[in-house]
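Have the viewer open as you read.

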Amino acid sequence: MVTLEVQPGVRHRLATHLRGHLLLFDRKPSPAFEAARGSRILIAVILIEAVRLAAVRWFLPAVPLALLVPLILGFALLSIHLVAGVKPLQIGFRPWREWTVTEQSYFLQVLVIANVVFPAVLAAPLRARLAQPSAVWSLFVPYLFFGFYQELVYRGLVQTELVRRWGAPAGILVANALYTFGPLHAYYFSSRASLAVPMFAAIFVIGLFFGVLFRRSGNLWIVASFHAIRNTYIVGSLGTGP
């Protein structure tokens with residue numbers, strides 16, 4: 001009988017590349033900010049969302065989404081420094097060189113898997129969308145940026161501050177409730193129950209996963225990128241809720 005032995009070094013390398021799927025990242029805490037900044041963060045969130053809602057109401061469809069959404073994201077990024085008074089690093093935007101091997105490996109693995117699975121599962125609606133003129137710029141690009149916006153505001157700002165105030169379980173749950181039932185998805189309240197209930201449930205579950213992933217990794221780039229990819233494929237192809 002032939003037995004295959006895996007050397008300890010090989011096992012360690014395999015574990016390093018698999019730990020991310022168990023949300024084991026050896027999280028590096030972000031640089032702390034003064035408690036006084038917490039209120040400014042929440043004020044920044046209110047301002048950012050108010051500007052987004054006003055921009056969508058006033059400028060669509062005269063200004064295309066492909067231009068409007070990046071502008072809104074840019075305003076949100078400026079508000080981190082100018083209004084909230086915190087640095088991007090303090091809300092999870094760590095540069096690639098500071099990522100652990102587990103973070104880098106998990107990110108690249110999911111990136112590859114998503115770009116194989118989504119096109120295979122959504123092949124028919126993707127073909128239909130891409131057959132439309134300017135579909136890439138009018139649908140896929142805006143939702144890509146919008147995924148980053150959602151994570152920046154609701155995980156990077158709201159969750160970071162609420163976890164600081166109330167601890168991880170309460171902070172994650174409340175931030176995710178605001179993400180699910182707040183201004184981002186409030187339009188579902190006017191939909192029929194057969195649509196609203198499953199959509200709210202799906203949004204809450206995926207939002208909870210992103211919240212836990214952000215808490216475990218402390219890396220906003222990972223959750224923002226995954227959300228952006230999810231938006232691009234699912235919302236861009238099916239047009240079902242951001």
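This is a predicted model: local features need pLDDT of at least 70, side-chain atom pairs count only at pLDDT 80 or more; totals for chains, interfaces and linings use all residues.

Residues are numbered from 1 along each chain as its sequence is written, and side-chain values use heavy atoms, with hydrogens and water left out.

**Helix α9**

Let's start with α9, which runs over residues 220–238. Helices here are DSSP runs of H or I with at least four residues, numbered from the N terminus. From first C-alpha to last, the 19 residues of α9 reach 26 Å, close to the expected 27 Å (1.5 Å times one less than the number of residues). There's a bend of about 25° at Asn 231, taken as the angle between axes fitted to the seven residues ending there and the seven starting there. Because 16 of its 19 residues are buried, α9 is largely enclosed by the rest of the structure; buried means under 20% relative accessible area with a 1.4 Å probe, protein chains only.

**The second largest pocket**

The second largest pocket has a volume of about 290 Å³, which is the space filled by probe spheres set on its grid points. A pocket is an open set of points on a 1 Å grid where a 1.4 Å probe fits, with protein on both sides within 12 Å along at least five of seven lines; lining residues have an atom within 4 Å of a point. Among the 16 lining residues, Arg 27, Ser 30, Gln 90, Thr 160 and Arg 215 are the closest to the centre. Helices α6 (135–166) and α8 (193–217) each give two or more residues, and α6 has the largest share, with four.

**Backbone and side-chain details**

Most residues other than glycine have a negative phi, and most peptide bonds are trans. Two spots here go the other way:

| Site | Value | Loop |
|---|---|---|
| Leu 60 to Pro 61 | cis, omega near 0° | Pro 61: between α2 (36–59) and α3 (65–84) |

Is Arg 155 buried or exposed? Arg 155, in helix α6, is buried, with a relative accessible area of 0%. Its side chain makes a polar contact with that of Asn 176 at 3.4 Å.

Notes. Buried means under 20% relative accessible area, exposed over 50%, partly exposed in between (1.4 Å probe, protein chains only). A polar contact is a pair of N or O atoms within 3.5 Å; within protein, one must be able to donate a hydrogen and the other to accept it, and residues adjacent in sequence count only if both atoms are side-chain atoms.
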